[in-house]
Amino acid sequence: MSDWVVPLSDVRLSASEIEAVMRVYQSGWLSQGPRVAAFEAAFADWLGGGEATAVCSGTAALSLIWAVIGLRQGDEVVLPSLTFAAAAATVVQAGARPVFADIDALERPWVSMATVRDRLSERTRAIVTLPYAGAAGAATELRQLADDHGILLVEDAAHALGARGAGGVCGRIGHLAAFSFFANKNLTLGEGGMVMCEDAGLAARARLLRSHGMSSGTWQRHTGPVGDYEVLEPGFNYRLDEPRAALGTALLARLAADNERRAQIAGRYHAALEAMNGVDAVLGERAGEKHAWHIYPLLLDPRLDRAAVRGRLHRAGVQTSIHYPPLHMSRAFADSPPVCLAVTEDYCSRTLTIPLFPHMTDAQCELVIHSIKTSLLS
Ligand SMILES: *Cc1c(COP(=O)(O)O)cnc(C)c1O
């Protein structure tokens with residue numbers, strides 16, 4: 001598929017997983033139905049409970065969350081600048097204002113109580129936490145802060161499938177959470193997402209708005225006595241389809257093993273980076289936490305030219321990326337007057353993400369380590 005010797009991430013499906021998808025295509029029912037319901041049940045089970053609503057992407061999950069809580073013009077949502085654009089974009093599309101918070105420290109690249117508290121106002125409806133790279137960060141403390149202020153904590157849990165913080169599994173620490181099953185995520189359907197709700201009423205509303213706000217679905221009318229529907233609210237079409245739901249259920253069975261392999265590779269990177277000058281490992285597993293190792297970001301010495309280092313890695317066949325360019329400095333979301341988020345700006349100028357996927361070979365892992373070592377020297 002590509003010329004990289006070690007791509008940033010890679011997908012490999014087994015014959016039986018592909019077979020599970022094929023059977024759905026042969027069944028004659030492709031749109032949201034029993035396999036979506038089965039995937040939601042298996043997913044909630046995997047997280048140890050909660051209400052799961054499957055949708056067509058992680059961005060749809062975020063957008064649905066704002067619709068479900070009735071976010072509107074005049075509202076504010078406090079979120080990290082160090083995150084993917086979708087969280088901020090969906091807030092803007094809901095008519096509300098994203099308010100960016102700084103990260104806690106270079107070695108704790110997530111929004112903290114202090115950085116969020118500074119940004120709260122009487123207009124704040126929700127706080128978004130990003131379990132960056134798959135580390136729960138300050139989610140548990142932020143939940144307390146949100147509860148104390150009578151606002152909601154939303155986890156953008158796209159990196160965090162299988163992660164755990166002091167306050168429980170990621171995806172069930174906040175009042176609501178959005179997962180993504182995009183092609184590079186720990187569980188991938190190509191495209192897909194999941195909304196987790198603690199509250200059953202909000203979950204019912206998520207299911208309603210996911211499918212046009214209609215009182216019954218096509219599958220129910222196909223299989224049950226109900227022939228009619230009523231449109232109760234203006235909704236979306238954010239449905240997931242049956243083939244991808246079947247793939248999701250199949251992939252859940254190996255998620256724990258995949259994450260274990262990610263952790264092993266991360267451990268190897270960590271040990272190798274500790275012995276190198278000019279580069280630091282950012283994230284280690286803290287006591288009482290489990291890391292999902294969605295990506296492996298490292299931190300370069302400020303005197304190094306990151307673009308040159310990336311160029312040398314590129315020539316060695318090693319793909320890299322940057323998670324993320326800071327949102328508060330982007331053309332889409334920059335505030336005027338501009339805010340300064342000093343730690344985020346420093347972090348974003350020095351971070352580099354190196355390849356990580358479960359079926360990476362030892363040789364690929366060694367090549368990445370060796371290439372970093374030589375690209376720092378030249
Ligand atoms: C991938 C990702 C998303 C968006 O998910 P899609 O499924 O691509 O829409 C949102 N937030 C974060 C942090 C992500 O990594």
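Start at the ligand and select S180: an N or O atom in the side chain of S180 is 2.7 Å from an oxygen atom of the ligand. Keep in mind as you look around that this is a predicted model.

One of the polar side-chain atoms of T59 sits 2.6 Å from a ligand oxygen. Then pick K185, where a polar side-chain atom lies 3.3 Å from an oxygen atom of the ligand.

Now show the whole shell. There are 15 residues around the ligand, and those that come nearest are G58, T59, D156, S180 and K185. Colour the shell by class and you'll get six nonpolar, seven polar and two charged residues.

Time to head for the nonpolar interior. In soluble globular proteins, nonpolar side chains tend to be buried together. Here, the largest nonpolar core has 52 residues, and V116, Y269 and I372 have the most contacts inside it. Several elements supply at least two residues each to this core, among them strand β3 (97-101) and the helices α9 (242-274) and α12 (362-377). Zoom in on V116: beyond its close sequence neighbours (within four places), V116 is in contact with V78, A101, V111, I127, L142 and L145. There's also a second, separate core of 34 residues; to find it, select I69, L71, A87 and Y238, which are included in it.

Next stop: T353, in strand β12. Is T353 buried or exposed? It counts as buried, because its relative accessibility is 1% and the cut-off for buried is under 20%. Show side chains here and look for H323, since the side chains of T353 and H323 are joined by a polar contact of 2.8 Å. Leaving out residues within four places in sequence, the contacts of T353 also include L8, I295, Y296 and P297.

Last stop: E40, in helix α2 (residues 34-46). E40 is buried too, with a relative accessible area of 10%.

Definitions and conventions
Residues are numbered from 1 along each chain as its sequence is written. This is a predicted model: local features need pLDDT of at least 70, side-chain atom pairs count only at pLDDT 80 or more; totals for chains, interfaces and linings use all residues. Side-chain values use heavy atoms; hydrogens and water are left out. A nonpolar core is a set of buried Ala, Val, Leu, Ile, Met, Phe, Trp, Tyr and Cys residues joined through side-chain atoms within 4.5 Å. Buried means under 20% relative accessible area, exposed over 50%, partly exposed in between (1.4 Å probe, protein chains only). Helices (H or I, at least four residues) and strands (E, at least two) are DSSP runs, numbered from the N terminus. Contact means heavy atoms within 4.5 Å. A residue is near a molecule or strand if one of its heavy atoms lies within 4 Å of it. A polar contact is a pair of N or O atoms within 3.5 Å; within protein, one must be able to donate a hydrogen and the other to accept it, and residues adjacent in sequence count only if both atoms are side-chain atoms. Ala, Val, Leu, Ile, Met, Phe, Trp, Tyr, Cys and Pro count as nonpolar, Asp, Glu, Lys and Arg as charged, and the others, Gly among them, as polar.
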